[in-house]
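Q: I have a new model open and would like to learn how to read it. Could you walk me through it, one feature at a time?

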Amino acid sequence: MMTANEHTLKFFGEELQQLKAEVARMGGLVEAQVADSIRAVAMRDVGLAQLVVGRDQKLDQLQIDIEKKAIRMIALRQPVAQDLRRTVAAMKLSWNLERTGDQAKNIAKRALVIADAEPLTPLTRSVERMGKLVLARLKDALDAYTNLDLDQAMGVWQKDQEVDEHYNSLFRELLTYMMSDPRTISACAQLLFVAKNLERIGDHATNVAEMLYYEVTGEEIVGDRPRWNGGEGADVDRGFA
Amino acid sequence: MPLFQSPSPVFPAPSSARSPARGWLQRLYDDLTGVLGRSPERVVDAAPIAPAVEAATLQEAALEALPDPLLLVEATEPNDLTGRRITFANAAARELLRIPASGALLVSAIRHPEVLEVIDESLFGAIASETPYEPRSAQERVWRVRAAPLPGQGRSADGEVTRRALVHFSDETDARRAERMRVDFLANASHELRTPLASLSGFIETLRGHAKDDPQARDQFLRIMTTQAERMSRLIDDLMSLSRIELNEHIPPSGACDLTLTVLDVADTLRPMTAEKGVKFDLKLPKRGEALIAGDRDQITQVVQNLIDNAVKYSPSGTTVAVEIVTGLTSEGATAYASNAQAMAAAGGGRLSLLTPDRAAPDAYVLVRVADQGAGMLREHLPRLSERFYRVEGQKSGASTGTGLGLAIVKHIVNRHRGGMLVESAPGLGSTFAVYFPTPARSG
């Protein structure tokens, strides 16, 4: 027969699994939101953009549920060591994912405005390309979380600068366009915000990787995040959004 | 420790005779062999088992050998996420979804909300339904996921009622690719051909007008027109070739290719061009047969050709183009090989990965590195070098012989080969391009 203590442990393990599964599901929803928002920009798809904006509420609800569950678990089961870290990490991850979802919603809102303007095909292509890169990072980070893969998490963390560089390059391209043809300024400005939102999503993916590292090892990743601060875009980096 | 522990081993090895699911597996197997028109003997061919195996083992082996990914999912309560488990995944599904060998929760393998919804509909609503699914791997693929409820409820180890569904993936990448290729080709071709075409019509007008009786001007104009026409035809060739490569990008190449031989061949064909420009080759190659990679020989030749051709094109007279092949690297080793990133960064350039392969099981790569002593590029240009028609401003590429597609072609070929690509460059320090390919799996 099980002792009372073993029972508690077994329950906690199951609850934790449930919590992690919910975070994973929320992650899937966020990935879909980001992918759809990028597609809405690229394909000038107003219906899809509105769908993304509408679905954001579901994410908020999921986040609240996860947070409530995590707090309940901490209060009732008083986990320690890795169990505590896992519970807290799930909660932190849900905050991060919710913020990522907000960025996707913002992109979708921009997509509505962009769809009204004249098409700027080469530029939306570049934005789409950056979007794919960011999505790949997000996917890697979430895969690392579901498989507890530290190597993959470190990979995401180390590749943070690729997204930044894409952002800087896109920033410059958009500026050049605006200068050469002032009629494109309003649409380009929208795309600029989209690029900024994507860059933020990349940061969130890196955060997820950092949280996973903390969850598993109990330590912060050592060293600075590799970062390149050389471009024009980087100078105004924190001014937006 | 695996994240999501499963209470029971999930992937039945063909030897296991304990499957409680034998009844419905049998039915499923009958259906599948009927649909596919395959006889059991044919399936045994694909996965040889001892002749005296039990029927259940044979069925599992048959499912295992199916080319399409296939999952069997089990669930208890609609609101119990951890109750949804993958009770069987065949080899194709394990490869597609990277399901840990010991088994997994459904959400740890698939997070895509629409796919989860379709599976839920089968589990709890007993409705068969389908949805498109795009896993975001390096090679873009499109799948159609069909979920169907399976008859008969079972009981899990804890005595809970379980429901089951069959999830089947079929590959629709080809159809989607072909459609997208047409759109892209038209967009690129119409955009890029406009300029040379405009200049052609301009010259034709001049020739009919005031240059009509000026033989000297006529000669000159005709010469320019020939150049433009040649450029247009090169552009169309490159676009077609790129489209073809993209179309097959998700199909891994078969065959093996010796990189040393390829580099030697390409260097030979480029000799006239280097002699004319006064550029020398410095080749550091392993012995023949040592730098073997899994690859399509023609495509690999195109990669090496484009890289070396570019290097020669951007090399001033009297300089050297260095080509080096390094074997036995891991993917990390390949990215870090001979890195001069700090010096490059100090000079306003840098080192950047243009393509990183998905993580693969045998982590062994062969790297080809082509370095020139040309003008080099600023860091800001590096992330976009492999984009179609991207041009580094102010760079002279020998009277614009390039189409702006060379590196895009390289990137797509390397991606098809599940390899990676790097660039390192800085103004005044020259440019280095490196590509790395997986070595073929050793047989025997």
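Q: How many residues does the contact take from chain A and from chain B?

A: Some ground rules to begin with. This is a predicted model, where local features need pLDDT of at least 70 and side-chain atom pairs count only at pLDDT 80 or more, while totals for chains, interfaces and linings use all residues. Residues are numbered from 1 along each chain as its sequence is written, and chains are lettered from A and ligands numbered from 1 in the order in which they are written. Two residues are in contact if their C-beta atoms, placed from the backbone, lie within 7 Å. Here, 29 residues come from chain A and 21 residues from chain B.

Q: Which helices of chain A each supply at least two residues of the side that touches chain B?

A: Helices (H or I, at least four residues) and strands (E, at least two) are DSSP runs, numbered from the N terminus. In chain A, α1 (4-43), α4 (121-147) and α6 (160-180) each supply at least two residues of that side. The largest share, 13 residues, comes from α1(A).

Q: How do the residues of that side divide into nonpolar, polar and charged?

A: Ala, Val, Leu, Ile, Met, Phe, Trp, Tyr, Cys and Pro count as nonpolar, Asp, Glu, Lys and Arg as charged, and the others, Gly among them, as polar. The side of chain A that touches chain B has eight nonpolar, 12 polar and nine charged residues.

Q: Which residues of helix α5 of chain A are buried?

A: A residue is buried if 20 or more other C-beta atoms lie within 10 Å of its own, exposed if 12 or fewer, and partly exposed in between; C-beta atoms are placed from the backbone. In α5(A), residues 150-158, the buried ones are A:Ala153, A:Val156 and A:Trp157. They sit on the same side of α5(A) because their arc, taken from the directions from the helix axis to the C-beta atoms, is only 100°. What covers them includes α4, α6 and α7 (185-217) of chain A.

Q: At what angle do α5(A) and α7(A) pack?

A: Axes are lines fitted to C-alpha atoms, for helices over the stretch in contact, and angles run from 0 to 180 degrees between N-to-C directions. The angle here is about 145°, and the axes are 8 Å apart. Among the residues making this contact are A:Leu150 of α5(A) and A:Tyr213 of α7(A). By class, the contact has nine nonpolar, one polar and one charged residues.

Q: Which residues have the most contacts inside the largest nonpolar core?

A: In soluble globular proteins, nonpolar side chains tend to be buried together. A nonpolar core is a set of buried Ala, Val, Leu, Ile, Met, Phe, Trp, Tyr and Cys residues joined through C-beta atoms within 7 Å. The largest one has 97 residues, and those with the most contacts inside it are A:Ala141, A:Leu191, A:Ala195, A:Ala209 and B:Val73. A second, separate core of 51 residues includes B:Ala311 and B:Val366.

Q: Is A:Ala81 buried or exposed?

A: A:Ala81 counts as exposed because it has 8 C-beta neighbours inside 10 Å. The residue is in helix α3 (residues 81-114) of chain A. Most residues other than glycine have a negative phi.

Q: Where does B:Arg418 lie?

A: B:Arg418 is in the loop between α13 (406-416) and β13 (420-426) of chain B. Its phi, near 60°, is positive too.
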